[in-house]
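Here is a short briefing for a reader new to this model. Look over the sequence and the structure, then read on.

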Amino acid sequence: MRKLIIAVLLVLLLAGGAVYTGLANPLIEWQVKSALVDSGIGEKRAACMAERMVDRLTIGQLWKLRQGMAPQEGEPEEGFGLGELVKRLRRVKDGEAVAVLTTSAGLCAVGLG
């Protein structure tokens with residue numbers, strides 16, 4: 001039992017170290033990009049946005065964005081307008097995360113990201 005606890009703690013320590021040092025960034029960036037593409041953003045723009053977002057936001061902030069932007073019961077899953085987007089952004093309740101998302105979208109759209 002003691003060996004199992006030590007092994008679990010070691011795995012958690014290594015996983016935490018990978019996230020902290022940035023070794024997990026490619027995987028996280030891929031997940032963010034996939035979520036953006038699934039929401040209707042083009043492949044190239046999603047890659048640009050994901051790179052900027054992973055560099056500027058914590059895992060917790062990225063999780064908040066994912067949860068806040070996900071459609072809730074009765075909301076459209078795609079093809080929604082600006083009003084729906086603003087409503088979902090308000091749900092996030094993290095100004096920095098929203099700012100990074102919107103500036104990344106804008107900069108990547110004009111090719112400066």
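**A buried leucine and its setting**

L89 is buried, because its relative accessible area is 14% (buried means under 20% relative accessible area, exposed over 50%, partly exposed in between, with a 1.4 Å probe and protein chains only). L89 sits in helix α5, residues 82–92. This is a predicted model, where local features need pLDDT of at least 70, side-chain atom pairs count only at pLDDT 80 or more, and totals for chains, interfaces and linings use all residues. Residues are numbered from 1 along each chain as its sequence is written, and side-chain values use heavy atoms, with hydrogens and water left out.

**Around L89**

- L89 touches M69, V98, L101 and T102, not counting residues up to four places away in sequence; contact means heavy atoms within 4.5 Å.
- G68 lies 21 residues from L89 in sequence, and the two are 6.8 Å apart in space, C-alpha to C-alpha.

**The whole chain**

- The protein chain has six helices and zero strands. Helices (H or I, at least four residues) and strands (E, at least two) are DSSP runs, numbered from the N terminus.
- Read from the N terminus, the order of elements is α-α-α-α-α-α.
- Of the 113 residues in the protein chain, 26% are buried.
- The chain exposes about 8000 Å², and carbon and sulfur atoms supply 63% of that area. Areas come from the Shrake-Rupley method with a 1.4 Å probe; for residues, only the protein chains shown count as cover.
- Take the contacts between residues at least 6 apart in sequence: 47% of them join residues at least 24 apart.

**Helices α2 and α4**

- Two packed helices are described by the angle between their axes and the distance between the axes.
- The axes of α2 (residues 25–38) and α4 (residues 59–69) come within 12 Å and cross at roughly 15°. Axes are lines fitted to C-alpha atoms, for helices over the stretch in contact, and angles run from 0 to 180 degrees between N-to-C directions.
- α2 and α4 are therefore roughly parallel to each other. Angles under 35 degrees count as roughly parallel, over 145 as roughly antiparallel, 65 to 115 as roughly perpendicular and the rest as oblique.
- The α2 and α4 crossing is left-handed. That term applies if the near helix is turned anticlockwise from the far one by less than a right angle; clockwise is right-handed.
- From α2, I28, Q31, V32 and A35 meet I59, L62 and R66 of α4.
- This contact of α2 with α4 has five nonpolar, one polar and one charged residues. Ala, Val, Leu, Ile, Met, Phe, Trp, Tyr, Cys and Pro count as nonpolar, Asp, Glu, Lys and Arg as charged, and the others, Gly among them, as polar.

**Helices α2 and α3**

- The axes of α2 and α3 (residues 43–56) come within 8 Å and cross at roughly 135°.
- That angle makes α2 oblique to α3.
- The crossing of α2 and α3 is right-handed.
- The residues of α2 that meet α3 include I28, V32 and L36, and those of α3 include A46, A50 and M53.
- By class, the contact of α2 with α3 holds ten nonpolar, one polar and four charged residues.

**Two more residues**

- S104 is found in helix α6, residues 95–110. S104 counts as buried, at 0% relative accessibility.
- Leaving aside neighbours within four places in sequence, S104 is in contact with M49, R52 and M53.
- P26 lies in α2. P26 counts as exposed, at 56% relative accessibility.
- P26 and V54 are 28 residues apart in sequence and 9.1 Å apart in space, C-alpha to C-alpha.
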